[in-house]
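User: I've got a model to go through with you. Can you put it up and start with the terms?

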Amino acid sequence: MKSSDLLIPTVKELPNDAKIISHQLMIRAGLISKLASGLYSYLPIGLRVIQKIEKIIREEMNKSLAQELLMPVAQPAELWQKSERWEEYGPELLRFQDRHGRDFCMGPTHEEVITNIAKQYLKSYKQLPINFYQIQTKFRDEIRPRFGVMRSREFIMKDAYSFHIDEASLGETYQVMYQTYCNIFDRLGLEYRAVLADSGPIGGDSSHEFHVLADSGEDVICFSDGSDYAANLERAETLKVVDPDSPKEELTVAETPGVKTIDDVCKLLDIKPQSTVKTLLVEGESDTLIALVLRGDHELNEVKAAKVKGIKQPLQMADEEKIRKELGCSVGSIGLVGLSIPIIVDYAAAGLSDFVCGANEDGKHLTGVNWKRDVAGFMEVDLRNVVSGDPSPDGKGKLEIKRGIEVGHIFQLGTKYSDAMNANVIGEDGKAVNMNMGCYGIGVTRIVAASIEQNHDDNGIIFPEAIAPFQLIIVPINYNKSNRVRDLADELYEKFLKQGVEVLLDNRKERAGIMFADSELLGIPHRIVISDTHADNGNVEYKGRNEVEKNEIEYNSAVDFIIAKLYK
């Protein structure tokens with residue numbers, strides 16, 4: 001294709017509302033155009049990238065024997081009411097009524113619709129296992145859309161759903177999909193990690209997230225330096241520590257007027273946070289208070305806490321007025337000695353001896369506190385976020401922590417939706433069996449942004465070759481003034497087209513500096529420059545997008561040179 005035939009609206013200025021590099025570069029390179037908050041049009045260059053991603057996804061999904069279909073964006077409320085997600089999903093579910101007053105939603109996901117299809121057409125265990133997928137637009141009414149297409153309201157997603165006669169069959173397909181996802185992200189040329197994850201509002205028991213590693217990522221992922229263990233921060237486990245040392249200090253009351261935070265306590269008493277505990281109060285199932293205790297330097301993992309038996313769902317921190325009414329002190333003074341409510345202690349906090357905590361009286365703290373001697377009745381569980389250097393849960397190595405961008409998520413759903421919607425088949429014994437389900441999603445448009453976050457420099461995007469909008473750009477200097485340059489450029493352009501190379505010929509009436517800058521900005525992997533000097537010496541200039549050096553190569557060998565680069 002020639003630049004004169006293609007809309008390439010590159011801009012120099014940074015967009016005011018673009019905070020992360022992918023958003024900035026996608027606007028500057030003319031990949032997207034903002035329509036409204038969280039809504040973007042994909043311009044021709046951006047769409048070429050998306051289509052390449054979709055092609056790789058389709059090829060790998062088809063290899064896994066998944067069958068492609070297409071489901072409606074608009075979904076009737078009755079299906080969501082059957083699964084009980086009509087209210088549970090929350091305000092991200094965009095609800096509307098048609099002209100007849102019937103309730104619908106814009107689909108953020110399609111578990112209900114695909115389960116309805118399975119209920120209609122799957123009748124016997126002999127039809128199982130079966131896996132359906134689609135690549136389609138989704139809509140989630142984000143409260144605060146941000147970061148361009150990274151967290152937009154409308155986006156393109158590949159979602160797949162498998163159906164099984166039992167958990168064993170589901171497990172087998174889950175492993176197939178896990179490998180399929182690895183194949184997809186390998187082919188996309190991304191540095192990624194697959195991590196254990198929490199299933200969240202989708203439901204189900206087992207799940208993995210696939211993260212593109214990038215410093216700008218919103219998610220925190222943890223992995224061992226001595227094994228294949230990897231999990232997101234919500235799911236990463238901590239190990240129970242050894243029993244605390246025997247008491248060496250007496251229980252003592254320390255005056256701490258006006259002190260409410262761990263930092264304040266440490267400064268006043270000249271101690272480290274590691275020798276303190278903090279007590280957080282949450283609501284229990286029977287309108288009671290429950291104390292969650294962590295070491296002073298650790299943070300509560302709310303996903304873990306929400307799964308503790310007896311804690312009210314969803315997790316809710318106790319109101320300060322209620323705390324003062326029941327315990328007679330403020331939040332910053334809550335202690336453990338004499339506390340008459342259930343106490344749940346994180347493993348690390350339970351390993352402390354001679355520690356400091358509140359005294360259940362404002363302006364006072366206790367020092368020299370020891371569990372068995374001073375605290376009656378408590379339960380030890382994993383409550384906290386892991387930190388770098390923690391032992392790996394599999395006992396091999398220590399945990400490292402990096403940031404990632406979630407681009408894929410796979411779930412073992414079990415019978416959550418088939419139970420709710422009575423989707424069953426006749427089993428081998430002649431009895432009806434509700435089908436087990438798997439769910440497998442990839443954020444297609446998010447992959448574009450994630451790739452840019454991982455692959456860029458000061459000059460612009462550095463697309464992996466598999467998803468670059470073009471494989472090669474030819475930049476002819478003075479194309480519209482020099483007949484020799486134009487003839488050489490056109491001849492080379494045609495040769496590349498015949499070889500099936502996706503080539504862009506920049507035939508615009510622009511200065512060389514602008515054409516070079518745009519080729520860098522667009523992230524096209526390979527560039528050939530032709531000038532009058534090259535017309536004289538029979539060479540062309542080659543530069544790879546992620547290379548510093550430029551090379552002179554013979555004009556007559558340019559096609560073979562690029563082909564070798566593309567298919568090495």
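Analyst: Burial first. A residue is buried under 20% relative accessible area, exposed over 50% and partly exposed in between, using a 1.4 Å probe and protein chains only. This is a predicted model: local features need pLDDT of at least 70, side-chain atom pairs count only at pLDDT 80 or more, and totals for chains, interfaces and linings use all residues. Residues are numbered from 1 along each chain as its sequence is written, and side-chain values use heavy atoms, with hydrogens and water left out.

User: How many helices and strands does the protein have?

Analyst: It has 17 helices and 30 strands. These are DSSP runs numbered from the N terminus: helices are H or I with at least four residues, strands are E with at least two.

User: What does the C-alpha trace span, along its principal axes? And what share of the residues count as buried?

Analyst: The span is about 95 × 70 × 50 Å. Of the 568 residues, 52% count as buried.

User: Now Lys-278. Is Lys-278 buried or exposed?

Analyst: Lys-278 is buried, because its relative accessible area is 17%. It lies in strand 14.

User: What does the side chain of Lys-278 reach?

Analyst: The backbone oxygen of His-298, at 2.6 Å. That is a polar contact: a pair of N or O atoms within 3.5 Å; within protein, one must be able to donate a hydrogen and the other to accept it, and residues adjacent in sequence count only if both atoms are side-chain atoms.

User: Which residues does Lys-278 touch?

Analyst: Leaving out residues up to four places away in sequence, they include Ile-262, Leu-292, Leu-294 and Glu-299. Contact means heavy atoms within 4.5 Å.

User: Over to helix 9. Which of its residues are buried?

Analyst: Lys-322, Ile-323 and Leu-327, in a helix that runs over residues 320-327. Seen down the axis, these buried residues fall within an arc of 100°, so they line one face of helix 9. The arc is that of the directions from the helix axis to the C-beta atoms.

User: What do the buried residues of helix 9 pack against? And which residues are exposed on the other side?

Analyst: They pack against strand 14 (277-283) and strand 15 (289-295). Glu-321 and Lys-325 are exposed on the other side of helix 9.

User: What happens at the start of helix 9, and what follows helix 9?

Analyst: A side-chain oxygen of Asp-319 comes to within 2.9 Å of the backbone nitrogen of Glu-321. Gly-328 follows helix 9, with a positive phi near 80°.

User: Next, helix packing. At what angle do helix 2 and helix 13 pack?

Analyst: About 115°, with the axes of helix 2 (residues 44-63) and helix 13 (residues 444-454) 9 Å apart. That makes helix 2 roughly perpendicular to helix 13. Axes are lines fitted to C-alpha atoms, for helices over the stretch in contact, and angles run from 0 to 180 degrees between N-to-C directions. Under 35 degrees is roughly parallel, over 145 roughly antiparallel, 65 to 115 roughly perpendicular and the rest oblique.

User: Which residues of helix 2 and helix 13 meet?

Analyst: Val-49, Ile-50, Ile-53, Glu-54 and Ile-57 in helix 2 meet Val-444, Thr-445, Ile-447 and Val-448 in helix 13.

User: Back to single residues. Is Ser-451 buried or exposed, and what does Ser-451 touch?

Analyst: Ser-451 counts as buried, at 0% relative accessibility. It sits in helix 13. Not counting residues up to four places away in sequence, Ser-451 touches Leu-190, Phe-463, Pro-464 and Ile-467.
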